[in-house]
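I opened the model and kept notes as I went. The entries follow the order in which I looked things up.

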2 protein chains.
Amino acid sequence: MTVLSKSCIYGVQAAIYLASLPKSEYVSIQEVAGKLNISFHFLTKVLQILTQAGIMISYRGPNGGIALARPSSSVSLADIIGAIDGTEVFTECLLGLPGCGHADPCPAHEQWTSMRNRLYHICKTTTLEELATKASELNVRLAAHPLVQHFTPKE
Amino acid sequence: MTVLSKSCIYGVQAAIYLASLPKSEYVSIQEVAGKLNISFHFLTKVLQILTQAGIMISYRGPNGGIALARPSSSVSLADIIGAIDGTEVFTECLLGLPGCGHADPCPAHEQWTSMRNRLYHICKTTTLEELATKASELNVRLAAHPLVQHFTPKE
DNA sequence: AACATTTAATACTAAAGAGTACGAAATACG
DNA sequence: CGTATTTCGTACTCTTTAGTATTAAATGTT
Ligand code: SF4
Ligand code: SF4
């Protein structure tokens with residue numbers, strides 16, 4: 001059980017990748033998928049969601065691709081998560097009970113809502129720009145695994 | 001995408017239910033499932049995990065059932081989550097990258113690890129006793145839905 | 001106009017999670 | 001001993017998520 005779905009993680013990674021590029025031209029999904037070591041076709045579906053949500057724009061044909069629709073400083077982590085996974089993470093409960101609230105709380109209410117609010121605050125105030133800056137500053141990884149295809153194991 | 005699996009939520013609910021009972025005798029799974037409005041068979045599987053993990057003890061035969069193996073004050077929320085869902089929630093990342101750490105961080109590292117640690121701390125220090133006390137004090141709900149079977153809808 | 005490139009859209013397959021069913025084993029009780 | 005009760009263990013089905021494949025639509029280049 002994870003906090004974010006795979007689709008959502010891929011979307012965030014792709015967005016950070018785009019934001020970390022020097023200039024914002026259209027980048028082919030193929031390039032992004034290759035750099036992040038994600039299945040091209042699967043990433044295509046995820047990025048379709050983000051374009052439909054107005055977070056990215058796409059352009060078909062040669063030299064086409066995708067790009068951020070807005071400056072990276074005005075796209076929050078919460079925007080991307082909300083578009084792909086929905087706001088469930090920020091609104092639902094640790095114990096997953098539907099329609100929770102102060103009027104009808106379960107025993108873990110106080111501590112969880114406090115955490116949940118903090119999570120939302122963090123995601124809402126963390127921008128793609130920040131993430132991308134940190135990524136290039138720290139020479140930090142984005143993809144799940146460094147490609148190890150050079151070291152083909154013997155067996 | 002949720003933080004805890006359904007199985008885990010059911011396990012926590014059942015544990016709180018047991019802990020909130022005045023005395024600790026064996027309670028049949030059927031009773032627990034009925035009170036919490038959970039499928040009996042499914043809950044059986046979940047509670048098997050908890051007995052194998054040493055958190056509950058079971059007894060077969062008439063008047064058998066399950067009970068907490070330890071006093072509710074020495075069972076933490078983290079114990080139950082760890083037994084059912086594993087420690088993934090506390091160790092893995094928001095972005096789900098495997099093998100993360102200070103040596104090889106992704107851009108969201110700092111803020112996420114801070115949150116993750118807080119989650120772990122909360123779960124580790126919250127005991128069943130506290131949850132059960134709160135549950136009975138506040139007359140708080142445990143089950144997902146109040147049973148509405150009395151009001152059978154016309155259509 | 002023909003062609004190559006690249007996203008859009010849909011459909012299909014695989015894997016995991018959630019839930020159901022049923023028989024076996026243990027135990028109390030008559 | 002026989003039977004009812006209750007957990008244990010396995011196997012099966014259904015649903016959701018993840019991943020793959022294929023075709024269609026758009027657009028630049030020759
Ligand atoms: S802990 Fe609070 S937010 Fe979560 S289900 Fe219970 S009442 Fe709702
Ligand atoms: S945010 Fe930190 S803990 Fe999470 S994957 Fe990145 S490096 Fe690991």
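**Entry 1: a buried serine.** I began with Ser76(A), which counts as buried at 5% relative accessibility; buried means under 20% relative accessible area, exposed over 50% and partly exposed in between, with a 1.4 Å probe and protein chains only. Ser76(A) sits in the loop between β2 (65–68) and α4 (77–84) of chain A. Helices (H or I, at least four residues) and strands (E, at least two) are DSSP runs, numbered from the N terminus. Leaving aside neighbours within four places in sequence, I found Ser76(A) in contact with Cys123(A), Lys124(A), Thr126(A) and Thr127(A), where contact means heavy atoms within 4.5 Å.

**Entry 2: what I am working with.** This is a predicted model, in which local features need pLDDT of at least 70 and side-chain atom pairs count only at pLDDT 80 or more, while totals for chains, interfaces and linings use all residues. Residues are numbered from 1 along each chain as its sequence is written, chains are lettered from A and ligands numbered from 1 in the order in which they are written, and side-chain values use heavy atoms, with hydrogens and water left out.

**Entry 3: positive phi.** I looked up two asparagines. Asn37(A) has phi near 60°, a positive value in a residue other than glycine. Asn37(A) lies in the loop between α2 (29–36) and α3 of chain A and is partly exposed, with a relative accessible area of 42%. Asn63(B) has phi near 65°, also positive and also in a residue other than glycine. Asn63(B) belongs to the loop between β1 (56–59) and β2 (65–68) of chain B and is exposed, at 75% relative accessible area.

**Entry 4: DNA strand C.** I counted a residue as near a molecule or strand if one of its heavy atoms lies within 4 Å of it. On that basis 28 residues surround DNA strand C, and the closest are Ile29(A), Ser58(A), Arg60(A), Tyr59(B) and Pro62(B). Of the atoms of DNA strand C that come within 4 Å of the protein, 63% belong to sugar and phosphate.

Next I went through the polar contacts (pairs of N or O atoms within 3.5 Å; within protein, one must be able to donate a hydrogen and the other to accept it, and residues adjacent in sequence count only if both atoms are side-chain atoms). A polar side-chain atom of Tyr59(B) is 2.5 Å from a phosphate oxygen of DNA strand C. Lys6(B) uses a backbone N or O atom, 3.1 Å from a phosphate oxygen of DNA strand C.

The elements giving two or more residues to this surface are α3 (40–52) and β1 (56–59) of chain A, with α1 (6–20) and α3 (40–52) of chain B. The largest share, 5 residues, comes from α3(A).

**Entry 5: DNA strand D.** Sugar and phosphate make up 59% of the atoms of DNA strand D within 4 Å of the protein.

Which atoms of DNA strand D does the side chain of Tyr59(A) approach? An N or O atom in that side chain is 2.4 Å from a phosphate oxygen. The side chain of Lys45(A) has an N or O atom 3.1 Å from a base oxygen of DNA strand D, and that of Gln48(B) has one 3.3 Å from a base nitrogen. α3(B) gives the most to the surface near DNA strand D, with 5 residues.

**Entry 6: chain B against chain A.** I found 42 residues of chain B in contact with 43 residues of chain A. The two chains bury about 4100 Å² between them, 64% of it on carbon and sulfur atoms; buried area is the accessible area (1.4 Å probe) that two parts lose on being put together, summed over both. Met1(B), Pro107(B) and Arg141(B) supply 21% of the area that chain B buries against chain A, more than any other three residues.

How many salt bridges cross this interface? The rule finds 0, taking a side-chain nitrogen of Lys or Arg within 4 Å of a carboxyl oxygen of Asp or Glu. It does find 6 residue pairs in polar contact, both at pLDDT 80 or more. On the side of chain B that touches chain A, the largest share, 8 residues, comes from α6(B).
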